[in-house]
Amino acid sequence: MRSPLFDQVNSEVQTADRFALQSDKMLKVTLGPDVLAAKGAMVAHQGQVQFHHESSGSLARFVKRAISSDDQPLMRVSGPGEVFFARAAEHVFLLQLEGDAISVGGSSLLAFDADLQWDIHRTKGAGMMTGGLFNTLIQGHGMVALTSHGQPMILDCSQQPTFVDPNAAVCWSANLTPGVVSSMNVTSLLRGGTGEAFQYSFHGPGFVVVQPSEGYPVPTS
């Protein structure tokens with residue numbers, strides 16, 4: 001059998017790295033220590049791999065996950081083998097944490113080393129009208145894999161105030177504390193709104209990663 005499908009570019013990437021991109025849209029993790037991953041993100045695996053629901057680990061985290069519309073349910077992946085992760089053909093990128101931390105917004109979290117510490121934080125100023133707005137803080141030593149709906153862009157927040165749609169904010173420097181600002185006004189409301197009601201506001205030494213998308217449209221009945 002012959003086909004361009006069997007070209008080397010489509011073959012599995014062989015590497016000694018534990019987290020290895022197979023393409024810009026697929027990640028391979030070679031297991032040893034456990035990995036935490038977004039539920040449903042596994043697209044293939046080889047070996048004796050097991051998948052288990054990952055509990056909140058504490059009552060406080062359980063409560064925050066229960067009330068958060070942005071929370072990403074996690075599964076624990078363990079056992080000898082290799083696991084391939086992807087999400088809707090989104091771009092995958094890796095962050096190596098070296099005792100530092102990263103804040104992750106929405107459903108951008110794909111997988112990370114289980115030894116890393118994580119918790120859910122409520123965004124300052126987020127009320128009922130904003131839907132809650134929570135983010136996941138990950139810190140320690142290890143690898144984190146995130147996804148972006150399209151090629152991501154990095155904005156420097158140190159020079160001037162930076163405002164980002166919450167659905168477009170992939171992740172940001174953990175030392176930054178985003179606020180929530182509203183651009184609504186009475187005139188716009190009376191004329192049907194602008195579709196840009198709330199934004200994250202960032203200002204200080206650090207960066208925010210922005211995807212060229214506000215997420216997938218929600219089906220309406």
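**Close-up views of a predicted model**

View A. Asn135 is buried, because its relative accessible area of 7% falls under the 20% limit. In this predicted model, the residue belongs to strand E11, which covers residues 134-148. Which residues is Asn135 in contact with, leaving aside its neighbours within four places in sequence? The partners are Ser103, Val104 and Gly105, then Asp119, Ile120, His121 and Thr123, and also Trp172.

**View B. The open sheet E1-E2-E7-E4.** This sheet is open and consists of 4 strands, arranged in the order E1-E2-E7-E4 with antiparallel pairing. At its edges lie strand E1 (19-23) and strand E4 (42-47), each of which pairs on one side only. On average, and with direction ignored, neighbouring strands of the sheet are turned by 20 degrees against each other. Strands of a sheet pair through backbone hydrogen bonds, in either a parallel or an antiparallel manner.

**View C. Pairing of E1 with E2.** Strand E2 comprises residues 26-30 and pairs with E1 in the antiparallel sense. How many bridges does this pairing extend over? The two strands pair over 4 bridges. Ser23 stands opposite Met26 of E2.

**View D. The protein chain as context for the close-ups.** The protein chain contains 17 strands and 2 helices. Of its 221 residues, 43% count as buried. Among contacts in the protein chain with a separation of 6 or more, 76% are accounted for by residues 24 or more positions apart. The accessible surface of the protein chain is about 12,200 Å², and 56% of it belongs to carbon and sulfur atoms.

Definitions and conventions. Residues are numbered from 1 along each chain as its sequence is written. This is a predicted model: local features need pLDDT of at least 70, side-chain atom pairs count only at pLDDT 80 or more; totals for chains, interfaces and linings use all residues. Side-chain values use heavy atoms; hydrogens and water are left out. Two strands pair if DSSP finds at least two bridges between them. Axes are lines fitted to C-alpha atoms, for helices over the stretch in contact, and angles run from 0 to 180 degrees between N-to-C directions. Buried means under 20% relative accessible area, exposed over 50%, partly exposed in between (1.4 Å probe, protein chains only). Contact means heavy atoms within 4.5 Å. Accessible areas come from the Shrake-Rupley method with a 1.4 Å probe; for residues, only the protein chains shown count as cover.
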